[in-house]
Every structure is written in structure tokens, then in C-alpha cells.
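Here is a protein to look at with its ligand. Read the questions, then check each answer against the picture.

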Amino acid sequence: MKEALAAAPVATPIPITAGPSGLRFHAYYLDRVQQEALLATLRQVLHRAPLYTPSMPKSGRPFTVRMSNCGPLGWTSDQAGYRYQPTHPETGRPWPPLPGVLIEIWNDLTGYPYPPQACLINYYGPTAKMGLHQDRDEQDFAAPVVSLSLGDSCLFRVGGLKRSDPTRSFRLNSGDALVLGGEARLAFHGVDRIFPDTSPLLAETGRLNLTLRRVTRPNVAIAAVGCGGDLPL
Ligand SMILES: O=C(O)CCC(=O)C(=O)O
Ligand SMILES: [Mn+2]
């Protein structure tokens with residue numbers, strides 16, 4: 001896959017000029033062949049760690065997005081709150097390992113000297129959305145978050161560091177990559193809507209999104225963040 005990545009059309013990162021710095025958009029980072037290869041890998045992950053419906057802290061209201069994870073840690077939410085944990089909340093099994101291709105993508109896009117520890121997999125059906133939020137359940141905000149889109153396009157919204165800051169919306173298409181680093185690491189963002197049947201990639205209508213994250217600060221063992229388990233960095 002390294003060869004496949006190397007053969008990718010050069011996707012010049014587009015820094016998004018208004019708003020917080022450090023937001024980089026790579027249009028069509030993965031070409032169609034690479035998207036299909038990544039999708040096949042993801043299907044294997046989802047076979048071992050099926051999509052499930054998380055629920056909101058306190059209210060217990062179900063998310064419209066279904067989720068799973070791979071990597072030593074996975075992000076989840078239920079009435080007890082948001083957190084990272086080493087096991088799937090329904091099967092109780094450890095999340096499948098991070099596929100090598102995702103580590104290559106992380107290295108290529110971030111150059112961050114430590115590997116991602118979690119890959120959250122979001123599946124949006126045609127009416128699913130994700131409200132404006134910050135990714136702030138991690139200890140390590142020095143590391144960027146890398147987001148990859150597969151399948152139907154969506155309308156993505158990004159703002160500033162305060163919920164009330166002005167926001168801008170743009171379309172994310174299959175194969176696009178977005179890096180939230182620097183000041184944009186804590187930018188508010190969300191998904192307003194899916195544009196159904198805009199991509200032939202998935203057999204079903206909908207969109208898959210992957211976000212690669214560091215969770216602990218370098219050299220802090222995962223066990224030390226209260227996620228249980230004693231997993232290596
Ligand atoms: O689906 C997306 O593009 C964004 C997902 C996201 O923000 C998240 O999972 O925290
Ligand atoms: Mn997010």
C-alpha cells in the first residue's frame with residue numbers, strides 16, 4: 001500500500017485561510033483504488049468490531065451516527081460519559097489492531113513522531129449528522145487529528161475555538177483527508193448533512209469517516225489515563 005500511496009496524485013494541502021491556523025484539507029488524498037483497498041480493510045475491522053449505536057451522556061439519547069474503532073483505544077459514549085477504552089462496549093473484546101495503511105497515512109500527513117492510538121470509525125446513514133463539538137477527550141493536543149472520508153459526500157462545518165465563533169461549511173468527498181492540527185486542533189466542527197448517493201464506493205448509501213488520534217501524551221502509558229489495560233504506546 002506504500003507503493004499505492006506513493007502513486008497517489010499529489011494532493012496539495014490547502015490551508016484554510018480564515019479561522020484557526022493548522023486546518024489542512026487534502027482533496028482526493030486517496031484515489032479510487034486506494035479507497036477501495038482501505039474499504040476492504042475496514043470491512044474486516046468491522047467484521048471483528050461491529051458498528052454499534054452510542055448514546056449521549058446523561059440523556060442516553062442515541063447518536064444518529066453508528067460507530068466502531070480500531071487501535072489500542074477506542075472512543076465511546078454512553079450515559080456515563082465520553083471516554084476512551086480498550087474494548088468494544090458490546091462485544092467486550094479488544095478493538096482490532098490499527099491496520100498498517102492507517103499508520104502510513106498518519107505518518108505521511110502529520111510527521112508526528114508517535115503513532116495514532118485510536119481510530120474512530122463513524123458510519124453516517126443518509127439522515128445522520130454530528131453536532132458542533134471539539135475533540136477534547138485526549139491528553140495530547142500537540143498531536144493533530146486526521147480525518148478520512150469514504151463514500152457519500154457530506155457538508156462539514158468548522159468554526160473557531162469558541163462555540164460561538166463564526167463557522168464555515170464545505171463539502172468533504174470520498175478520498176478527502178482533513179488534518180486538524182495546531183490551533184485548529186481544538187476547533188469546533190461537525191457534520192451538518194450527508195448528500196445521499198453521491199459516491200458509488202460503498203454498496204450502501206452513506207458515509208464512513210475515520211479519525212486517527214493520539215490519546216495519551218508521549219511516554220504516558222495507556223493504563224495511566226484510566227482506560228484500563230496495560231497496553232504499549
Ligand atoms: O465525520 C466527520 O467528518 C467528523 C467526525 C468527527 O468530528 C468525530 O468523530 O469526532
Ligand atoms: Mn470531532
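Predicted model: local features only at pLDDT ≥ 70, side-chain atom pairs only at ≥ 80, totals over all residues.

Residues are numbered from 1 along each chain as its sequence is written, while chains are lettered from A and ligands numbered from 1 in the order in which they are written.

Q: What makes a residue part of the shell around ligand 1?
A: Its C-beta atom, placed from the backbone, must lie within 6 Å of the molecule. Leu120, Asn122, Met130, Asp135, Ser147, Phe156, His189, Val191, Asn209 and Thr211 are the residues around ligand 1.

Q: Which elements give two or more residues to that shell?
A: They are strand 6 (118–124), strand 12 (189–195) and strand 13 (207–213). Strands are DSSP runs of E, at least two residues long, and helices are runs of H or I, at least four, both numbered from the N terminus. The protein has 3 helices and 13 strands.

Q: How do the shell residues divide into nonpolar, polar and charged?
A: There are 4 nonpolar, 5 polar and 1 charged. Ala, Val, Leu, Ile, Met, Phe, Trp, Tyr, Cys and Pro count as nonpolar, Asp, Glu, Lys and Arg as charged, and the others, Gly among them, as polar.

Q: Why are strand 7 and strand 12 called a pair?
A: Pairing needs at least two bridges found by DSSP. Strand 7 (residues 130–133) has 2 bridges to strand 12, so the two pair, and they run antiparallel. Met130 stands opposite Val191 in strand 12.

Q: What makes strand 9 a partner of strand 12?
A: Strand 9 (residues 153–158) is joined to strand 12 by 6 bridges, and the two run antiparallel. Leu155 stands opposite Arg193 in strand 12.
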